[in-house]
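I opened the notebook to write down what I looked up here.

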Amino acid sequence: MKARRAASASAVGSLVEWYDFGLYGAAAALIFKDYFFGTDDAFVGLMAAFATFAVGYFARPFGGVVFGHLGDKVGRKPVMVGTLALMGVSTTLIGLLPGYDTLGWFAPFLLVLLRLLQGLGAGAEYAGAVVLSSESSPPGRRGFFASWSGAGVWVGSALGLAVFQAMHALTGDSFETWGWRVPFLLSIALLAISLYIRRQVEETESFTETKEAAREENVPLVRLLRTEKRRLLAALGSNVILSGYSYIPQVWILSYLTENVGVAAGLALAINAIVLLSGALFMPYFGSLGDRFGRRKLFLFGTGFGVLWPVPMFLLIDTHNTALIILGIVVCFVGAVAVCYAAQAAFLTEMFPPAIRYSGIAFARETSGALLAGTTPMVATGLLHLAGHWWPIALCMTVYAAIALVAVYYSRQFRSDADQADPDAFKADEAWTRTPGAGTEKNETTAKAVR
């Protein structure tokens, strides 16, 4: 019951966070390029809109550092309540923001400011969600329950797109003036519901048992940077497929379908929602596979598939056949992104000991996110503009997946699938200094650490 309650609260929080981010991605591609930047040049407007999209990701590492530190020192639950509130309020205020015609260049300035606040709140939200659900789960089900947060991410994104699409259909010509605001304003209702659910969750035993050690660790991130550089590098690299690669089929593809393939905006939004829901549907199943066969093996499969699929995806998109377009993007998203996302939730949690776990995951995810997630749609737009073809974007995706594959392979230096069911290894700092693969041996170091 406790595991389900924690996983549900984590998933709902992730849903709200990515409802907000999903809305922003769609609005950046379809509305903000004209509404907030006062330019008639479609390319310039789109680049400016995606630049504000990137700003949120530049802020996320700072949010990850600050809130990750508090999560390790104060507790998982209070920090997750705070980050969720910051996200929801910022999104609601975007829905009230006047455009360029009213405020001139002050309008994009305020948009950037609210996007920064969104990024600060999001910087530790997902890390907290996977830590909370993982630490509240039994070892043999950790991957399954931790994957709920990832499913919540995509359900939230799909919900944002669905609401955005519904308002597009309902408001018609008024959508570009006021209709787009309604989905942003609805964020406040989702926030109220999710805060109520999240406040019912208990603090995790892992944090409670190690809180004294956490308090003695003045700045957990300093310890990570001082003694765990290689572990952090492996975690950072493993996230490249999710912080860079995934934002092609998840965000940028909207503009490509509408501007280059000739797909109507409403249909493009529907395709994007189908892709996201397909990924969410398979997440718990892939999480269970990680429990059964090992997170690292599952992660390696997803990154390997990610290396192979970009070119076939674009070839299917180029047929201009709706069914084949959906097939190409869904296979990419499920076979590469969803597999890796499901594996990563418990994989990263098991990479770091409890006293520095929140900081480690938040820093690893959000630093790579700042470098790649926010900039990837902008980079892809620039590459397409320069080359006039999708091949540089497919090559970029392949490189991202290859980097993640190497990092996950290298992670065998720090964790082993043989250790993932060992509760002692998950709770004890000292246990993580052992040779990977020795998790089933109850040696004196582990026994002392757990006592």
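This is a predicted model: local features need pLDDT of at least 70, side-chain atom pairs count only at pLDDT 80 or more; totals for chains, interfaces and linings use all residues.

I started at Gly335 and listed what it touches (contact means heavy atoms within 4.5 Å). Not counting residues up to four places away in sequence, Gly335 touches Phe301, Gly302, Phe305 and Val330. Gly335 is found in helix H18; helices here are DSSP runs (H or I, at least four residues; strands are E, at least two), numbered from the N terminus. With a relative accessible area of 13%, Gly335 is buried. My cut-offs for that: buried is under 20% relative accessible area, exposed is over 50%, and partly exposed is in between, with a 1.4 Å probe and protein chains only. I also checked a distance: the C-alpha atoms of Gly335 and Glu366 are separated by 23 Å, and the two are 31 residues apart along the chain.

Residues are numbered from 1 along each chain as its sequence is written, and side-chain values use heavy atoms, with hydrogens and water left out.

**Ser238**

Next I went to Ser238, which lies in helix H12 (residues 229–238). Ser238 counts as buried, at 0% relative accessibility. Leaving out residues up to four places away in sequence, I found Ser238 touching Phe299, Phe347, Leu348, Ala404, Ala407 and Val408.

**Nonpolar cores**

I then looked for nonpolar cores (buried Ala, Val, Leu, Ile, Met, Phe, Trp, Tyr and Cys residues joined through side-chain atoms within 4.5 Å). Which residues have the most contacts inside the largest one? They are Phe32 and Phe314, in a core of 127 residues. Helix H18 (residues 322–349) gives the largest share of this core, 18 residues. A second, separate core has six residues, including Ala7, Phe144, Phe145 and Trp148.

Apart from neighbours within four places in sequence, Phe32 is in contact with Tyr24, Ala27, Phe37, Ala49, Ile94, Leu111, Trp180 and Phe184.

**A patch on the surface**

On the surface I found a nonpolar patch formed by Val89, Leu93, Leu96, Leu185 and Ile188, with about 400 Å² of accessible area together. For patches, residues need over 30% relative accessible area and no salt bridge; like charges are joined within 9 Å, and nonpolar side chains (Val, Leu, Ile, Met, Phe, Trp, Tyr) within 5 Å. The areas come from the Shrake-Rupley method with a 1.4 Å probe, and for residues only the protein chains shown count as cover. Ile188 sits in helix H9 (residues 187–198) and counts as partly exposed, at 42% relative accessibility.

**Salt bridges**

I counted salt bridges (a side-chain nitrogen of Lys or Arg within 4 Å of a carboxyl oxygen of Asp or Glu). The count comes to eight.

One joins Arg357 and Glu135, with the closest N and O atoms 2.8 Å apart. Arg357 lies in helix H19 and Glu135 in helix H6, so this pair ties together parts that are 222 residues apart in sequence. Both Arg357 and Glu135 are buried. I checked the two helices as well: 16 of the 17 residues of H19 are buried, and in H6 (residues 125–135) eleven of eleven are.

Is Glu350 buried or exposed? Glu350 is buried, with a relative accessible area of 2%. Glu350 forms a salt bridge with Arg415, the closest N and O atoms being 2.7 Å apart. This pair links distant parts of the chain, 65 residues apart: Glu350 is in the loop between H18 and H19, and Arg415 in the loop between helix H21 (391–410) and helix H22 (423–427). Arg415 counts as buried too, at 2% relative accessibility.

Glu350 also meets Arg295 in a salt bridge (2.6 Å, N to O). I noted Arg295 as buried, at 1% relative accessible area. Arg142, Asp291, Arg295, Lys297, Glu350, Arg415 and Asp417 are linked in a network of salt bridges.

**His320**

My last stop was His320, in the loop between helix H17 (310–317) and H18. His320 has a positive phi of about 65 degrees although it is not a glycine. For background, most residues other than glycine have a negative phi. At 48% relative accessibility, I put His320 down as partly exposed.
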